[in-house]
Protein chains: 2
Amino acid sequence: MSKILCLSIMIGFWSAIASGQTIHSPDGKLSMSFGIDEGKPHYKLTYKDREVIKTSTMGLELKDQPSFLDGFQLSETEESTFDENWEPHWGQYKNIRNHYNELVITLSQESQMGRVLRIRFRLFNDGLGFRYEFPRQEGLSYFIIKEEHTEFHLAGDHKAFWIPGDYDTNEYAFTTSPLSSIPDLMEEATIDVHAQTPIQSLAVQTPLMLKSKDGLYINIHEAALIDYPAMQLNLDVQKFRLSAHLVPDAVGNKGYIQTGTHSPWRTIIVSDKATEILASTLILNLNEPTAYEDVSWIKPIKYIGVWWELFLPGRSTWAYSDATNVSLDQDYSELEPSPRHGATVENVKKHLDFAAEHGFDAVLVEGWNIGWEDWFGQWKEDVFDFVTPYPDFDVEALQEYAESKGVKLMMHHETSGSVSNYERRLDRAFEFMNDHGYNSVKSGYVGKIIPRGEHHDGQWMVNHYIHVARRAADYKIMINSHEAVRPTGLHRTFPNWLAQESARGTEFEAMGGLAPEHTTILPFTRLMGGPMDYTPGIFQTDFSYYDENSTNRVKTTLVKQLAYYVTIYSPLQMAADLPENYMRFPDAFQFIKDVAVDWDDTHHLEAEPGDFVTTARKAKGKNEWFIGSVTDENARQASINFDFLPSGNTYIATVYADGKDASWDKNPQSYTVNKFLVNATSKLKQHIAPGGGLAISIKEASKEEKKGLRKL
Amino acid sequence: MSKILCLSIMIGFWSAIASGQTIHSPDGKLSMSFGIDEGKPHYKLTYKDREVIKTSTMGLELKDQPSFLDGFQLSETEESTFDENWEPHWGQYKNIRNHYNELVITLSQESQMGRVLRIRFRLFNDGLGFRYEFPRQEGLSYFIIKEEHTEFHLAGDHKAFWIPGDYDTNEYAFTTSPLSSIPDLMEEATIDVHAQTPIQSLAVQTPLMLKSKDGLYINIHEAALIDYPAMQLNLDVQKFRLSAHLVPDAVGNKGYIQTGTHSPWRTIIVSDKATEILASTLILNLNEPTAYEDVSWIKPIKYIGVWWELFLPGRSTWAYSDATNVSLDQDYSELEPSPRHGATVENVKKHLDFAAEHGFDAVLVEGWNIGWEDWFGQWKEDVFDFVTPYPDFDVEALQEYAESKGVKLMMHHETSGSVSNYERRLDRAFEFMNDHGYNSVKSGYVGKIIPRGEHHDGQWMVNHYIHVARRAADYKIMINSHEAVRPTGLHRTFPNWLAQESARGTEFEAMGGLAPEHTTILPFTRLMGGPMDYTPGIFQTDFSYYDENSTNRVKTTLVKQLAYYVTIYSPLQMAADLPENYMRFPDAFQFIKDVAVDWDDTHHLEAEPGDFVTTARKAKGKNEWFIGSVTDENARQASINFDFLPSGNTYIATVYADGKDASWDKNPQSYTVNKFLVNATSKLKQHIAPGGGLAISIKEASKEEKKGLRKL
């Protein structure tokens, strides 16, 4: 239960004559001014008197109705201060402070019978959130959004960490460039991704990370995306002006609104320290507390799976057979089983044994259910039924075996994008899970959406993901969604929605690889919205190990994979490599076994987007700390100050470091594991290899254990 | 259980060199010839050597693939004869003969790697059915249909009984005109109907009834519409050529096909007698036997309802309150109840009492569940939840009361067109019905479809209706769907799909009225596909009775309303008027109480589309017969020959006739009820008033009862 300290102070509540209002962040560093010019509302934002957002217009264009863009008069303003502390059910912090100054502007359109639009601004120390509110009002109950015209007018040609605007996928590689270069780079950046729908105009996605030439870090995203399409950003490259681009539906509309609701929050996180961007809790604070009465059944998960082998050359397949043109009424006993089918009883039992031996909570199994023979690319509706196992997957036997081992099986629901089919069968699918002991599901949305014409990031799908999370909660099921719209902090409200993919993750390391800098950008972009099921832990990075003809490789050192368990926050962490590979490196594997998945506290020690990230975290309810550090393609020296440790105590730190000769491309498996004594005054300078990392675990220890260890 | 006599004789099976093939109907009257010219397949049809369909091309245009329109070679033909008798679970006949000669043409496209298309023709005595079959084949597993190009090249400028082509509604009034006049009449015929999407090109809907100048009756429709969009008909008015126009989906595609399936049957029913068109069982015969193992729980229903009062001036409302802008999370206890809300405990109990007293099986209640305050016209997704009653509708109390009376409550699921919402909640809605003793549901699809961009008659919705029927069967629930795609005989396969509306029914009598000829056209059009929940039985036809200012009236005499229970076939028949109105005319009401809803046999005695229909039916398992006769706006004399009665026996006929001075517009409630003796040699000439009808019930009777009655 969270203890809430609420200090709400109403500062003002009056009908204003003035057409301008300014509020400041609690620490005074940020200022936000709202104004109206010729009936058009606008806002601007400064940080330590430096322009973050220049005067930018606000409002919405409606379909077949007068717009919410102009003709406004200020009818009321309201200022207040809010300050509380709350405890997430799981997360990076045991306690989060939600402290902001609020300005609520009520606008009316006299020429439109007094139609009302409200804008709510919340200014935190870490940034600004604002949203449009559509109060219930006489004469306006429903409208359709043609476009939202919120602008973010930047102060200069900032460096941007961006992916192309797209209605259906966020699985692009990041491009780092000045805003002004985006037009030239867009075509190259728009690499092939399944079921992509690149935006035809110049647009990029959020969370968008920016850095000004004078060192200001700015992150633009949204919070609490509910019953509204995702926001992408048009770019006017002449004026460095971004503007909202909502994802349309099948008929080109951009949102169906019943008054008495509001838009998601538009968020602008700002600091002159990159680490403070990572430490921001603004997006979580702008989400609502959990909608569930009982959350006791929701628990972070560390898991393994029948998964990576599906990506390795010559290894396993999702499909049971090599047949094509199968249907749900296919008699599978007529098909010849493929010797490569991964989800067999034998293979799953092997994984359950491994999980039980090494303390994993669960085993994911993909390819267990009928339909995989031609599941992709046909825009087919009845691809999967989510309840019928392949002939070689004995659900009852595996349920019994898993229970005997104290390990859970993790369900897999690939929808193939056929969401109407999934919704139709959802209750039966969840009942099946309840009946067979599953309490979590990895869901997938690979492919063009059905209902046809809808997009992964449109309002209909946004509502779908939330429907699944809520309905899953009715069955006490936790969700790990892949290919869904990128997160916006909704895991605060729906904490059984443990994690999402929604970015380029480890699977792409098997398909050409991820740039070494990729995971130094993710924390500043994709992870701003919520946890990612990145599926780290690949020890065997060079694919020629599996197939001498393969030139593919995971573009990290082994140790960098360990660091991910700390730098890529998630309450759901996979040890994604094959069990046999972990057995080849048991000393390194020990870190994965030890590392926590839930935290009391988090310290961002060093960070620069595109270059490096160093993070320390304290395990939930334990005197254990874990540190991860990653770098891009360049070697560097990590500087770690252990002053986050309680003073006075000495602990044992186990340091997993790249070998001196290590590098992602030549020698990824060179590493050292050494133990040291540390306390709050310790400092460490540690070499990190090109594409490498550093992982440290810190534990309390007996005198006996400490004997002979040297101090850091 | 049906007894099946199967006499399948394979006549031929060879690789043909000839490019033409002709088959004949079992009675030799119909001939169908298939041929290929320059790689293009075509067919023609004659009846007693008169042209029904002139040489007409066949085939499909595919998206992003070579077409199935030309480049064909004949690779195989197969002829056979089939003859069986089968028994529908309910219907117009106890026993149906399925007798046809079949020709199966296999076509291949050498230039497309031997791609194969098959066309199956079945020629019955009552007409032709053919379909495209897409066999599983190497190299073609999936395709998208851009358009089907099946032609129906008519022999002349026939009189047509038509409604405008429309993707979303079939609730148009019929226009009768030569084909050549359709272009001039289309605009006028395209009256306002909710959520309509008239086809932009010149098109009409099926079932299309035609009559040639030389007296040939032709009906064009389709059978077994599954996993395919509905077919409407483009009209080339210069050449009297109709061609298929499939209903598109949200992105303009017209069908997603996985090979190993087939199109629905295209049907052409032909006769020189109008009564034989009505007697055709071709469409039923082309549907598959029932898909259910147990059908014992499926039973025809005669019902009343809290319904007609919703259409009467100043009477009841669906909505509980006059509020607007409600949501599913609305606290209804906060709203002031409207005194006009129809679905109250008191009103429903009154109906249950009435139903029990007069032998009705069920009481429909509309407006029982939350959401009606602003359910229509907003393209809103979460309109209804199908499980939450209004505060003044006590589900448990009414369940108990209904059970004590031996009457069922009929559920109502209005979807408002928000089908994604309905599917999402369907299992919960059906569980609720099971829990509360409901075994049938009237479903409604009033409004624009969600998924947005989909149409009522597109492939996605076609699959939806079938999904609902099948899923309902899992819960032993019977379906009565309104505003769904018009039927195509699927009630043979899914007999719990008891009836549909899918045309302009009685509700329109409350909104301007239906032309007196309307119900003389329905049997030749809408009813060709299956039973209609027309909701007849309106005794109080003049609305000034309710409101002196109302000039509205139902455009029939009272007796015509009785005749509908026979002329408009349905296993689901409503007595739609207010109970109090039935109590004012107890002698006429006796016919509604007596009339059967399931039949051993049916005799079409007289018929001319647009003018009159006279039908006699024998009640299922009883020596009782019922006759109905209706006329258009013109008075006429019905000629009834009772030779369908078993010879030798004498029965009592109760004749419900229009009064001599009756007419729909001046004196609709003038009628007589007289009893006579009849036997197989009896004949009756009976005056029918303008917009009037005739209803006769025939029963076995004791000598005592017969005493004093004169012979007809």
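## A charged network in chain A

In this predicted model, five side chains of chain A are joined up in a network of salt bridges: Glu102(A), Arg120(A), Arg122(A), Arg131(A) and Glu133(A). Across all chains, the salt-bridge count comes to 66.

## Other salt bridges worth a look

Start with Glu151(A), which pairs with Arg241(A); their closest N and O atoms sit 3.9 Å apart. Glu151(A) belongs to strand E12 (residues 151–154) and Arg241(A) to strand E19 (residues 241–246), so this pair ties together parts of chain A that are 90 residues apart in sequence. Glu151(A) counts as buried because its relative accessibility is 14%, under the 20% cut-off. Arg241(A), at 23%, is partly exposed.

Chain B has a pair of its own to show: Arg266(B) and Glu148(B), with closest N and O atoms 2.8 Å apart. Glu704(A) counts as exposed at 56% relative accessibility, and Lys707(A) counts as exposed at 60%.

## Where the two chains meet

How many residues of chain B are in contact with chain A? There are 34, and they touch 34 residues of chain A. Put together, the two chains bury about 2,900 Å² between them, with 45% of that on carbon and sulfur atoms.

The rule finds 2 salt bridges across this interface. One of them links Glu423(A) to Arg424(B), with the closest N and O atoms 2.6 Å apart. Polar contacts between chain B and chain A come to 21 residue pairs. On the chain B side, strand E20 (256–258), helix H6 (419–435) and helix H7 (459–474) each supply at least two of the residues that touch chain A. H6(B) gives the most, with 6 residues. Sorted by class, this side of chain B has 13 charged, 12 polar and 9 nonpolar residues.

Gly453(A) is in the loop between strand E26 (440–444) and helix H7 (459–474) of chain A. Is this glycine buried or exposed? Gly453(A) counts as buried because its relative accessible area is 12%, which is under 20%.

Leaving out residues up to four places away in sequence, Gly453(A) touches Asp249(A), Ala250(A) and Trp379(A) in chain A, plus Val251(B) from chain B. As for Arg425(A), 28 residues away along the chain, its C-alpha atom is separated from that of Gly453(A) by 21 Å.

## Two annotated domains in chain A

An unreviewed UniProt entry annotates residues 23–289 of chain A as "domain: Glycosyl-hydrolase 97 N-terminal". In the model, that stretch is 49% strand and 7% helix, and its end C-alpha atoms are 25 Å apart.

From UniProt also comes the annotation "domain: Glycosyl-hydrolase 97 catalytic", again from an unreviewed entry, covering residues 334–503 of chain A. Here the model has 34% helix and 15% strand, and the end C-alpha atoms lie 39 Å apart.

Chain A has a cis peptide bond between Thr206(A) and Pro207(A), with omega at about -5°. Pro207(A) is in the loop between strand E15 (203–204) and strand E16 (208–211). Over in chain B, a cis peptide bond joins Thr206(B) and Pro207(B), where omega is about -5°, and Pro207(B) lies in the loop between strand E15 (203–204) and strand E16 (208–211) of chain B.

Which residue has a positive phi of about 70° although it is not a glycine? That is Phe386(B), found in the loop between strand E24 (362–365) and helix H5 (395–405) of chain B. Phe386(B) is buried, with a relative accessible area of 0%. Ala224(A) has a positive phi too, near 60°. Its place is in the loop between strand E17 (217–223) and strand E18 (231–236) of chain A, and Ala224(A) counts as buried at 13% relative accessibility.

Notes. Residues numbered from 1 in each chain as written. Chains lettered and ligands numbered in written order. Predicted model: local features only at pLDDT ≥ 70, side-chain atom pairs only at ≥ 80, totals over all residues. Heavy atoms only, no water. Contact = heavy atoms within 4.5 Å. Buried area = accessible area lost by both parts, 1.4 Å probe. Salt bridge = Lys/Arg side-chain N within 4 Å of Asp/Glu carboxyl O. Polar contact = N/O pair within 3.5 Å; in protein donor to acceptor, adjacent residues only side chain to side chain. Helix = DSSP H or I, 4+ residues; strand = E, 2+ residues; numbered from the N terminus. Nonpolar A, V, L, I, M, F, W, Y, C, P; charged D, E, K, R; others polar. UniProt positions renumbered as here; feature names shortened; annotations may be inferred. Buried < 20%, exposed > 50% of the residue type's maximum accessible area, 1.4 Å probe, protein only.
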